[in-house]
Amino acid sequence: MEESARKNHWETVYETKNPDQVSWTQEIPQTSLNFIRSFGLSKDASIIDIGGGDSLLVDFLLQEGYCNITVLDISEKALEKAKKRLGQDAGKVKWIVSDITEFRPETQYDIWHDRATFHFLTTAEQISKYVDIARTSVSGYMSIGTFSTNGPTKCSGLEIRQYDEASLSHQLEPDFRKLECITENHETPFGTTQNFIFCSFRRK
């Protein structure tokens, strides 16, 4: 799928669906928060949430006192929803509308967080672009969550790429060292179960 088609797809999703109508919604992004806390960095650590959309992760990070947060998503509509929800607090966050494979970072990040964006990259070229961008912009840690080999093969009508601990780690070698991997079931708002793998990495 070309970049313009991907963007149109996600703009339509966020234009037409509420959080309780999409599978990825989490009331509390507990695993993501646990990984970010595990890195032991200060509250002024620079954090970027890749494909953050209108996820509640940014709300929880602000509540915990993190003050240097960037949220990136291909969908402008998704970020508008998040900004509206946050109200005045939206001004404390940097918002970037971009396809991750076309992102040109202007700074280094202490923490790169990605829940359910990486698995939408299904070609070697897309994956290579993603890893190259991360390599040049991550100075500290990564937290990545994808569908596991026991998870779905599609999401939002799009093909995805499944991962296990070995294959996810392989994509990020030799620049990132794996710290921890866990699998867990995500219960969707409409009562189905999706198996995820989450891994954390440190920049070598």
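Trainee: Which residues are linked in a network of salt bridges?
Mentor: D132, R135, D175 and R203. A salt bridge here is a side-chain nitrogen of Lys or Arg within 4 Å of a carboxyl oxygen of Asp or Glu. Keep in mind that this is a predicted model, where local features need pLDDT of at least 70, side-chain atom pairs count only at pLDDT 80 or more, and totals for chains, interfaces and linings use all residues. Residues are numbered from 1 along each chain as its sequence is written, and side-chain values use heavy atoms, with hydrogens and water left out.

Trainee: How far apart are the closest N and O atoms of R135 and D132?
Mentor: 2.4 Å. Both residues sit in helix α5, 3 residues apart, so about one helical turn separates them. Helices (H or I, at least four residues) and strands (E, at least two) are DSSP runs, numbered from the N terminus.

Trainee: And what does D175 pair with?
Mentor: R203, with the closest N and O atoms 3.8 Å apart. D175 is in the loop between α6 (165-172) and β8, while R203 is in strand β9, so the pair ties together parts 28 residues apart in sequence.

Trainee: Is D175 buried or exposed?
Mentor: Buried, at 15% relative accessible area. R203 is partly exposed at 23%. Buried means under 20% relative accessible area, exposed over 50%, partly exposed in between (1.4 Å probe, protein chains only).

Trainee: How many salt bridges does the whole structure have?
Mentor: The search finds 12. One of them joins K92 and D89, at 3.1 Å from N to O. K92 is exposed at 52%, and D89 is partly exposed at 31%.

Trainee: What does β4 pair with?
Mentor: Strand β1 (residues 47-50) runs parallel to it, joined by 4 bridges. Strand β5 (residues 138-147) is also parallel to β4, with 6 bridges. Two strands pair if DSSP finds at least two bridges between them. W112 stands opposite I48 in the β1 pairing and opposite M142 in β5.

Trainee: Where does α5 come in?
Mentor: β4, helix α5 (residues 124-137) and β5 make a right-handed β-α-β unit. With the strands pointing away from the viewer, the path from the first strand over the helix to the second runs clockwise.

Trainee: Last one. Which residues of α2 are buried?
Mentor: T31, S32, L33, F35 and I36. G40 follows the helix, and its phi is positive, near 70°.
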